[in-house]
Amino acid sequence: MRAFILLFVTFYAALGYAADKNESLLRWQDNLSFSHQKHQTPQTDKVWKLCALYPSLKDSYWLSINYGMQKAAQTYGVDLKVLEAGGYNQLATQQKQISQCQQWGADALLLGSSTTSFPNLSQQVGHLPVIEVINATHNNIIKTRVGVPWFQMGYQPGRYLVQWSKGNPLKVLLMPGPRDAGGSQEMEDGFQQAIAKSNVTILDIAHGDNDLEIQRNLLHEMLERHPDADVVVGTAIAAEAAMGEKRNLAKPLNIVSFYLSHQVYRGLKRGRIIMAASDQMVWQGELVIEQAINVLEGHAVPDNISPPILVLTQKNADSEHLRCSLSPGGFRPVYQYTSAAKK
């Protein structure tokens, strides 16, 4: 219970908190408890080759991760190669991409898994160290992981809605993303725990890939079944779909996003989205590079670290709060960065 109270106070203090990299990181023991971890930057003279796998870059969440990684690769003078799977549940594709990383001569694998488990990972990577990026596979060969528990990315929006509703009934359509991938079940579990014993109730749950057209079709179907819904809660892609839909409804439809994207940020600024959580993706991308360097340099690294989660509303969705969350406007994915030392 003490850990639960600490978590609640810490994250709601984030309403007025601007990210400062001189502040401590969070080191997660489980979904509800954490300790503070000092942020230490690495030093290296070697041009390490780091190969990163992403589920997809069509979701701007991973675009911001990519920006953070590219920025850190430039800062520390390492080579970075990025491969995307094209969507979730793409195990076979990512297994082939691991072989591509090995052929490239990677010193470490930065694994953003598209699945909740990665069978035979140890046999495939051999002695190649693996740093987990965002999505947990719970594989015992992982050297370290950068990312918040996805449970918290569902829990924080749920707690916010309970407070925002002021005890009045709220009917929710829940859209947590692809089934069995990308933290969808964890976000769903976190949201359900947060609203337990409140007047916030879930009318329907729809799973689907983080594709705008897929999410829009799922939302259409749910609204046909439940025209009395008050709130759509889901991934950033679901929130984007809901922003386009709410203009066509007679009844106002409130929107909450489990995480941040560029479109969600614009929705917050315009008052079209009432709340979004941010796990500070740019900073996380930088941390992955830093952790990989520390592992390769033989330094001890903490497991399960992340920046603090920010709870964002129209009132605090400003550039100061967002500077460690979103890639700059106009940024395009970087699939390969070669250190200046090799140029």
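In which sense do strand β8 and strand β10 pair, and over how many bridges? Strand β8 (residues 170–177) and strand β10 (residues 231–234) pair in the parallel sense, over 4 bridges. Two strands count as paired if DSSP finds at least two bridges between them. Strands (E, at least two residues) and helices (H or I, at least four) are DSSP runs, numbered from the N terminus. Within this pair, Leu173 has Val232 of β10 as its bridge partner.

The model is predicted: local features need pLDDT of at least 70, side-chain atom pairs count only at pLDDT 80 or more, and totals for chains, interfaces and linings use all residues. Residues are numbered from 1 along each chain as its sequence is written, and side-chain values use heavy atoms, with hydrogens and water left out.

Both β8 and β10 belong to an open sheet of 6 strands. The strand order is β9-β8-β10-β11-β12-β14, and the pairing is mixed. At the edges stand β9 (200–207) and β14 (310–312), each of which pairs on one side only. From one strand to the next, the twist averages 20 degrees. Angles run from 0 to 180 degrees between N-to-C directions, and axes are lines fitted to C-alpha atoms, for helices over the stretch in contact.

Helix α5 (residues 150–165) packs on this sheet. The helix touches β8, β9, β10, β11 (254–257), β12 (275–278) and β14. Contact here means heavy atoms within 4.5 Å. The direction of α5 makes about 150 degrees with that of β12.

Helix α5 also packs against helix α6 (residues 184–195). The angle between them is about 30 degrees, and their axes are 6 Å apart. The two helices are therefore roughly parallel to each other. Angles under 35 degrees count as roughly parallel, over 145 as roughly antiparallel, 65 to 115 as roughly perpendicular and the rest as oblique. The crossing of α5 and α6 is right-handed. A crossing is right-handed if the near helix is turned clockwise from the far one by less than a right angle, and left-handed if anticlockwise. Residues of α5 in this contact include Trp150, Phe151, Tyr155, Leu161 and Val162. On the α6 side they include Met187, Phe191, Ala194 and Ile195.

Val233 lies in strand β10. Val233 is buried, with a relative accessible area of 0%. Buried means under 20% relative accessible area, exposed over 50%, and partly exposed in between (1.4 Å probe, protein chains only). Leaving aside residues up to four places away in sequence, Val233 touches Leu161, Val172, Leu173, Leu174, Met175, Phe191, Val256 and Phe258. Val233 and Asp303 are 70 residues apart along the chain, and their C-alpha atoms are separated by 30 Å.

A further set of pairings involves strand β1 (residues 25–28). Strand β1 pairs with strand β2 (residues 34–37) in the antiparallel sense, over 4 bridges. The two strands form a hairpin, with 5 residues between them. Phe34 in β2 is the bridge partner of Trp28. Strand β1 also pairs with strand β13 (residues 305–306), in the antiparallel sense over 2 bridges. In that pairing, Leu26 stands opposite Ser306 of β13.

A disulfide is a covalent bond between the sulfur atoms of two cysteines. The criterion applied is a pair of cysteine sulfur atoms within 2.5 Å. By this rule the count comes to 1 disulfide. The bond joins Cys51 to Cys101, with an S to S distance of 2.0 Å. Cys51 lies in strand β3 (residues 49–54) and Cys101 in helix α3 (residues 91–104), so the bond ties together parts that are 50 residues apart in sequence. The torsion about the S-S bond is about -65 degrees, so the disulfide is left-handed. Cys51 is buried at 0% relative accessible area. Cys101 is likewise buried, at 0%. Cys324 is buried too, with a value of 4%.

Most residues other than glycine have a negative phi. His138 has a positive phi of about 60 degrees although it is not a glycine. His138 sits in the loop between β6 (130–133) and β7 (144–146). At 69% relative accessibility, His138 counts as exposed. Lys197, also not a glycine, has a positive phi of about 65 degrees. Lys197 lies in the loop between α6 and β9. Lys197 is exposed, with a relative accessible area of 91%.
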